[in-house]
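Here's a quick briefing on how two chains meet. Have the structure open while you read.

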Number of protein chains: 2
Amino acid sequence: MDYKAYFQTHRDQHLNELKKWLSIPSISALSEHKPDVKRAAEWLAETLKKAGLENVKIHETNGHPIVYADHLHAPGQPTVLVYGHYDVQPVDPLNLWDTPPFEPAERDGKLYARGATDDKGQIFLHIKAVEAILQQEKQLPVNIKFCVEGEEEVGSPNLPKFLEAQQELLKADAVLISDTSLLEKGKPAICTGLRGLCSLEVHVHTANTDLHSGSYGGGVPNALHAMVSLLDSLHDAKGRVTVEGFYEGVPELTEADHAEFAKQSGDENKLKRDLGLDELYGEEGYTFAERTGARPTLELNGVYGGFQGEGSKTVIPKEAHAKITCRLVGHQDPQDILNKIEKHIYSHVPTGAKATVIQFEKGNAFTIDPSTPILQKAAEAYEEVYGTRPVFTRDGGSIPIVETFSRVLAAPVVCMGFGLPDENLHAPNEHFNLENFDLGLLTIVDFLKRV
Amino acid sequence: MDYKAYFQTHRDQHLNELKKWLSIPSISALSEHKPDVKRAAEWLAETLKKAGLENVKIHETNGHPIVYADHLHAPGQPTVLVYGHYDVQPVDPLNLWDTPPFEPAERDGKLYARGATDDKGQIFLHIKAVEAILQQEKQLPVNIKFCVEGEEEVGSPNLPKFLEAQQELLKADAVLISDTSLLEKGKPAICTGLRGLCSLEVHVHTANTDLHSGSYGGGVPNALHAMVSLLDSLHDAKGRVTVEGFYEGVPELTEADHAEFAKQSGDENKLKRDLGLDELYGEEGYTFAERTGARPTLELNGVYGGFQGEGSKTVIPKEAHAKITCRLVGHQDPQDILNKIEKHIYSHVPTGAKATVIQFEKGNAFTIDPSTPILQKAAEAYEEVYGTRPVFTRDGGSIPIVETFSRVLAAPVVCMGFGLPDENLHAPNEHFNLENFDLGLLTIVDFLKRV
């Protein structure tokens with residue numbers, strides 16, 4: 001039986017299995033769901049076993065467990081490590097869901113449930129693809145390992161340590177991740193770039209108490225004046241970051257890069273209309289796709305100080321606060337960038353004010369050359385199944401774990417996603433288009449055979 | 001009996017009367033205290049009657065009532081209108097009061113209660129001074145009118161209308177207000193300047209929704225970036241307001257002005273230490289007293305937008321908000337200033353952002369020439385009783401009603417205060433130093449006889 005017929009025959013059974021998994025509310029962020037997260041891990045381990053995988057083990061961590069399994073019976077062939085996550089986002093606001101998030105429902109060729117596309121649905125494809133090959137051919141064309149965590153939605157706090165500690169166990173020639181999306185329906189994409197991330201807070205203090213703007217106004221520093229001056233100094237009038245050395249390590253785009261970005265670019269006028277904007281805004285000389293995919297940013301995520309109530313209050317605030325995150329590209333080092341911003345802040349503090357910088361997260365950018373052989377194999381598999389060659393995209397978001405896998409295991413990472421951008425990840429009515437459920441299974445089988 | 005002996009004899013009786021008034025929680029800002037405000041007005045009317053004043057009337061307004069009374073039996077003599085207020089500020093946080101705010105208590109020569117100095121205690125002095133003269137001499141040396149409102153602590157929303165409508169009733173040769181303070185213990189002051197005020201809000205909007213800083217960061221306008229750029233454009237690096245025409249109508253200080261300010265100036269190093277500041281900050285070429293007393297300001301009172309919770313959130317905020325007040329001097333017109341700021345904002349909006357300006361309060365600055373004869377009489381009265389000539393001060397705060405009285409009644413306003421700056425106005429443990437209760441009564445009697 002060819003694979004298309006095989007998956008057709010088993011389709012209802014597969015979907016029913018997946019629905020059982022989706023019924024488990026494995027919300028990693030909410031401690032009351034800790035038993036559910038555990039149950040989802042156990043379900044996964046059991047399903048991996050039934051699929052024919054070996055050495056299945058639930059590795060405990062300081063948080064939620066990591067499920068490992070492998071099938072290493074293809075001597076001389078490469079080893080592929082499949083990564084995914086079985087935890088899901090919270091579901092509020094619950095009243096915006098058309099059907100309950102943990103009662104999976106099919107409508108119009110889509111499977112609705114929390115986790116349907118992010119990421120249970122996608123990791124499930126890999127399990128069923130491997131099971132199909134084993135059922136049909138009794139052996140796999142490659143060695144395969146699964147490493148599926150339960151903390152992706154809370155920032156994977158325990159995974160890097162696990163990777164470092166279990167390098168031998170996880171050793172692989174390539175890492176395969178299905179947690180990204182097609183460009184749009186029928187247009188597959190392979191993500192070859194993710195931006196890095198760093199975040200910080202700036203706190204400005206002036207007097208030891210809020211002051212009356214009548215008695216003191218004009219004669220004392222105002223924490224908000226100092227803050228807006230500091231924050232405004234971070235960009236020039238054209239939106240470029242003015243922090244000294246910020247752009248060190250940022251690769252200039254080649255003609256080939258511009259051409260690849262042109263392929264993934266949407267209609268900027270439609271984007272403006274959709275967002276209700278008169279103008280897009282960003283660094284001169286780059287398209288929207290380039291600005292978000294290949295250029296670093298420094299964004300103010302929150303600023304607050306003084307009176308926020310109704311009406312007016314004649315107060316000179318003694319403190320002001322700002323939250324900042326940067327998206328990084330190329331060889332920008334998050335720690336180095338944080339230090340440079342901190343230095344900029346400390347050297348620009350206006351008279352009479354004091355500033356404190358607190359550094360938070362740090363994650364490296366990830367890039368992989370599209371000509372890497374394993375990526376070309378992935379592209380061929382997509383082309384075979386979808387009938388169109390995938391676009392190599394560079395995404396503005398950050399999945400720090402991708403860079404961690406690439407660095408710690410010293411292996412190329414293939415981001416081979418089967419979701420669609422509008423499937424309401426992290427929002428009510430998350431769903432998975434079953435067209436890509438069907439095509440995804442075939443693509444993975446094709447890919448594993450090609451490697 | 002001389003007045004000193006008279007007031008000594010009646011001291012306990014006077015204080016007991018005042019305590020009864022102070023026991024009424026006439027908080028104008030809180031609607032549940034409306035009956036208390038009314039009760040305080042009735043108590044006042046009754047007390048004015050008992051003091052010998054005539055035509056006592058409680059004038060209803062759209063808010064709390066205004067109490068009027070007069071004694072017009074000095075033909076050919078000038079008429080003095082006494083203004084004050086019988087409403088008080090809210091009292092929270094209640095747990096910081098050493099004794100309950102509406103259970104007046106004497107400790108260490110001070111009378112503690114909400115309203116003790118602001119302003120029941122001070123207006124009470126005028127009633128008892130008039131009563132004393134009538135008791136001792138059966139007639140007053142001047143014609144006198146009382147106009148005491150119940151909405152000063154909520155911005156006197158109904159008083160200007162009342163003044164306009166009752167110009168004939170309120171006509172006077174001078175207005176006498178005791179709602180300011182001495183410079184310090186033993187150092188009387190006559191306020192000859194109060195700054196005007198105007199306030200506005202700025203709202204900045206960008207996209208129609210908050211956006212993810214991964215997918216959109218670097219490619220779309222950020223409302224916070226636009227806001228800090230707008231706000232920072234309002235001052236230059238030396239703290240001067242950059243709004244075009246802002247300083248029109250601001251009088252340059254004369255040598256005499258500098259000299260008068262030098263008299264009211266405190267120790268700037270002590271001020272810095274008290275406020276916990278490394279540096280004071282303001283326009284070059286002016287002292288702290290001049291910056292706050294004779295120069296206009298534009299202060300950010302509140303700025304907010306985006307994420308304010310714990311940790312970081314990778315959001316590009318779609319909106320940001322700012323609250324601004326200006327203190328005005330000389331002939332700066334609040335409406336004109338608001339229009340100029342609005343024009344500045346609208347002409348500085350960064351690409352991709354939209355700004356909205358909402359105008360709020362407007363109050364003119366007040367100044368009076370210290371050489372005005374009635375002010376000189378007031379100074380002589382202070383000197384007679386306190387043994388030291390008062391300083392003519394210019395205060396940074398705003399009491400818009402002072403300018404309204406001066407303008408509508410076309411009469412000089414004498415701000416003759418008997419409070420002290422550290423008597424916790426608007427704060428827990430408000431009190432009135434009884435030394436100034438005693439000296440205040442004598443000063444008012446002396447003043448009325450001198451006019």
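A polar contact here is a pair of N or O atoms within 3.5 Å; within protein, one has to be able to donate a hydrogen and the other to accept it, and residues adjacent in sequence count only if both atoms are side-chain atoms. Keep in mind that this is a predicted model. By that rule, 37 residue pairs are in polar contact across the interface of chain A and chain B, both residues at pLDDT 80 or more. Salt bridges between chain A and chain B, on the other hand, come to zero.

**Who contributes what**
- Chain A brings 70 residues to the contact, and chain B brings 70 residues.
- Together chain A and chain B bury about 5400 Å², with 55% of it on carbon and sulfur atoms.
- On the chain A side, the most area is lost to chain B by Leu275(A), Tyr281(A) and Asn301(A), together 11% of what that side buries.
- Sorted by class, the side of chain A touching chain B holds 23 nonpolar, 32 polar and 15 charged residues.

**Strand against strand**
- Strand S11 (residues 297-306) of chain A gives the most to the side that touches chain B, with 10 residues.
- S11(A) is joined by five bridges to strand S11 (residues 297-306) of chain B, and the two run antiparallel.
- Look for Tyr304(A): its bridge partner in S11(B) is Tyr304(B).

**Aromatic rings**
- Over all chains, the whole structure has 20 aromatic pairs.
- One of them is Tyr216(A) with Phe288(B), whose ring centres are 6.1 Å apart with planes at 55 degrees, so the pair is tilted.
- Tyr216(A) sits in the loop between strand S10 (211-212) and helix H7 (223-232) of chain A, and Phe288(B) in helix H10 (residues 288-293) of chain B, so this pair joins two chains.

Methods. Residues are numbered from 1 along each chain as its sequence is written. Chains are lettered from A and ligands numbered from 1 in the order in which they are written. Side-chain values use heavy atoms; hydrogens and water are left out. Contact means heavy atoms within 4.5 Å. Buried area is the accessible area (1.4 Å probe) that two parts lose on being put together, summed over both. A salt bridge is a side-chain nitrogen of Lys or Arg within 4 Å of a carboxyl oxygen of Asp or Glu. Helices (H or I, at least four residues) and strands (E, at least two) are DSSP runs, numbered from the N terminus. Ala, Val, Leu, Ile, Met, Phe, Trp, Tyr, Cys and Pro count as nonpolar, Asp, Glu, Lys and Arg as charged, and the others, Gly among them, as polar. Two strands pair if DSSP finds at least two bridges between them. Rings of Phe, Tyr and Trp (its six-membered ring) pair if their centres lie within 6.5 Å; planes under 30 degrees apart count as stacked, over 60 as edge-to-face and the rest as tilted.
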